[in-house]
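Here are a few notes from my read-through, written for someone new to this. Have a look at the charged side chains as you go.

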Amino acid sequence: MSAAVVILGAGSGSRVGAEINKVLLDLDGMPVLTHSVLTALSLPDVEPVVVVCRPGEEEQVARAVGPHLGDRDVLLVAGGATRHGSEQAALALLADRIEAGEIDVVVIHDGARALAPAGLFTQTIATARDYGGAVPTVQLAGLLPRDPRDALPAGRLAGVQTPQAFRAAPLLAAYRAAATDDFDGTDTAACLERYQPDLVIEAVPASPANLKITYAEDLVTASRLR
């Protein structure tokens, strides 16, 4: 069996100040999205790699990513209006192979996180196989309550990153149930918590260097961190 990697690239460039999808912006000679695609393709026992794009951007994404792939292939699918809809579109594409037992883990990754290392993908896949799900987290520092009279939340706060990995069969079942109920989750874990509450999702240590490109200055930071 293999793991499938789904890379979400159906966002926009509004906050980064660009007229095009931010994952198509240049980062050290390649589109932002392509860095994650090449990392996924470098992983052993990963097949296929699926790129989810905005409807109508299929040709633009193919032209941006294709020249960097060599003889390697990726699957391209148009996403939905929300993150949940985009994940659902990718799972529909993978459904036959999941049901046939060819894919045992599905990885969901934000295309804007161009610096996610191969080792993080590998660790989340292994953890999902062992437990059911894996979510990279990093401890948040320097938080203050909005009202100085309020106390800080108890315990440590963690920021959640991608790649996130989940056993494929329960993930597919959860999204099919969500489609029946017309449920639109904020992220993958929210859908699983609703429809697969017994699935164990483990935290995997990550690094603040795995930043998500959101603003224009993030491109400069990402280039320096590479």
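1. Let's start with one pair. The side chains of R97 and E102 meet in a salt bridge, at 3.2 Å from N to O. R97 is partly exposed, with a relative accessible area of 25%, and E102 is partly exposed too, at 40%. Elsewhere, salt bridges that share partners link R83, E87, D110 and K212 into one network. Keep in mind that this is a predicted model.

2. How many salt bridges does a search of the whole structure find? The count is 10.

3. Now try E57 and R54, whose side chains form a salt bridge at 2.5 Å, N to O. E57 is buried, with a relative accessible area of 9%, whereas R54 is partly exposed, at 26%.

4. Helix α2 (residues 58–65) holds both E59 and R63, which sit 4 residues apart, about one turn of the helix. Their side chains meet in a salt bridge at 3.8 Å, N to O. Both residues are exposed.

5. Finally, R113, found in the loop between β6 (103–110) and α4 (118–131). R113 is buried yet has no salt bridge. Leaving out residues up to four places away in sequence, R113 touches S36, V160, Q161, T162, N210, L211 and K212.

Conventions. Residues are numbered from 1 along each chain as its sequence is written. This is a predicted model: local features need pLDDT of at least 70, side-chain atom pairs count only at pLDDT 80 or more; totals for chains, interfaces and linings use all residues. Side-chain values use heavy atoms; hydrogens and water are left out. Helices (H or I, at least four residues) and strands (E, at least two) are DSSP runs, numbered from the N terminus. Buried means under 20% relative accessible area, exposed over 50%, partly exposed in between (1.4 Å probe, protein chains only). Lys and Arg count as positive and Asp and Glu as negative; His and the chain ends are not counted. A salt bridge is a side-chain nitrogen of Lys or Arg within 4 Å of a carboxyl oxygen of Asp or Glu. Contact means heavy atoms within 4.5 Å.
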